[in-house]
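Please open the model in your viewer and keep the sequence alongside. The tour moves from one selection to the next, with a short account of what is there at each stop.

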Amino acid sequence: MSWSPCPDPTLGVPTTVDAIEMLIIPRAVDLGEMEVRRALPSTKRQMVGPFIFFDQMGPAEFLTDQGIDVRPHPHINLATVTYLFEGQIRHRDSLGTDLAIEPGAVNWMKAGRGIVHSERTNDERRRTGQRLFGIQTWVALPEAQEESDPGFVHHGAEALPVIEERGMTARLIAGQAFGARSPLATASETLYADVQLAPGASFVAEPSAAERALYTISGEIEVVGQSFAPAQLLVLRPGDQIIVRAVTAARVMLFGGEPMEGPRWIWWNFVSSRKERIEQAQEEWRRGRFDTVPGDEVDFIPLPETNTKPRRALGGVFYP
């Protein structure tokens, strides 16, 4: 994971000094079937609001008889949020959910005390081939909800608010922005939007969320006189109205929210406010004590046996 400080300030423009707190360049991670770009956690910033993991999946082109096969694996004390631009993923989990994830829909899987899921390409898509492109994020749960019952919530693309004005089209995945509110019920204050801009169009990133960031998907944007290309994460200064303008046709993800009430620990697929809870989950997966995924019971991802120590994850708030 790599990071870079924000660009040098523009002479005579005071706002460029700290309007962007940090610029993070994601590192490429080869998952075998495709490459992802991992923006969070990074070495200098692990969280933005409740978001503790942010992966760009693809774009990847799968030919006939190809696809993804993410075998069953566990999560605890977090929620996953899958959002696609192109393609389809078959999601199955230990609750019995069996659902095709489609572009523009939101899929919120709350792990709570523990859940197991798999993500694969279904047989039809393997026969025809497909292009796959999307974002996979994890959000930490408040301490009071970490050990709650697991659950899965799906809202189709047609259920999410779409705001169109002056060359901007924004789909609100979670939270409140652009005068609208998403129907997704989140565990804490969460902001998540997919924003597309025509050349020259702009929008204001309002300071409604305590912590905010932009992730550039395509095109070139300009923020306080600085230009940014695709696959860059811009952590915005809290409290400021920040104008985001498209130099070319562009697409960005706007996300953030309230920080957690304390730091989190992260290791492999586990996130928790308690280090010992992650160690407990390691032992439970090793001993086969998690529930299985109906219809996908045979295969699974083994527990990694290296780098077994959880790491402390922090956002913009200092916790002693």
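A residue is called buried under 20% relative accessible area, exposed over 50% and partly exposed in between, with a 1.4 Å probe and protein chains only. This is a predicted model, in which local features need pLDDT of at least 70 and side-chain atom pairs count only at pLDDT 80 or more, while totals for chains, interfaces and linings use all residues. Residues are numbered from 1 along each chain as its sequence is written, and side-chain values use heavy atoms, with hydrogens and water left out.

Begin with the aromatic rings: those of Phe, Tyr and Trp (its six-membered ring) pair if their centres lie within 6.5 Å, and planes under 30 degrees apart count as stacked, over 60 as edge-to-face and the rest as tilted. By this rule there are 14 aromatic pairs. Select F54 and F255, a stacked pair at 4.7 Å centre to centre with 25 degrees between the planes. F54 belongs to strand β4 (residues 51-62) and F255 to strand β24 (residues 250-257), so the pair ties together parts 201 residues apart in sequence; strands are DSSP runs (E, at least two residues) numbered from the N terminus. F54 is buried at 0%, and F255 is buried at 0%.

Next select W267 and F270, whose ring centres are 6.1 Å apart with planes at 40 degrees, so the pair is tilted. Ring pairs link W267, W268, F270, W285, F290 and F300 into a cluster.

Finally, return to strand β24 and select R251, which is buried at 19%. Its side chain joins that of D194 through a polar contact of 2.8 Å (N or O atoms within 3.5 Å; within protein, one must be able to donate a hydrogen and the other to accept it, and residues adjacent in sequence count only if both atoms are side-chain atoms).

Definitions and conventions:
Helix = DSSP H or I, 4+ residues; strand = E, 2+ residues; numbered from the N terminus.
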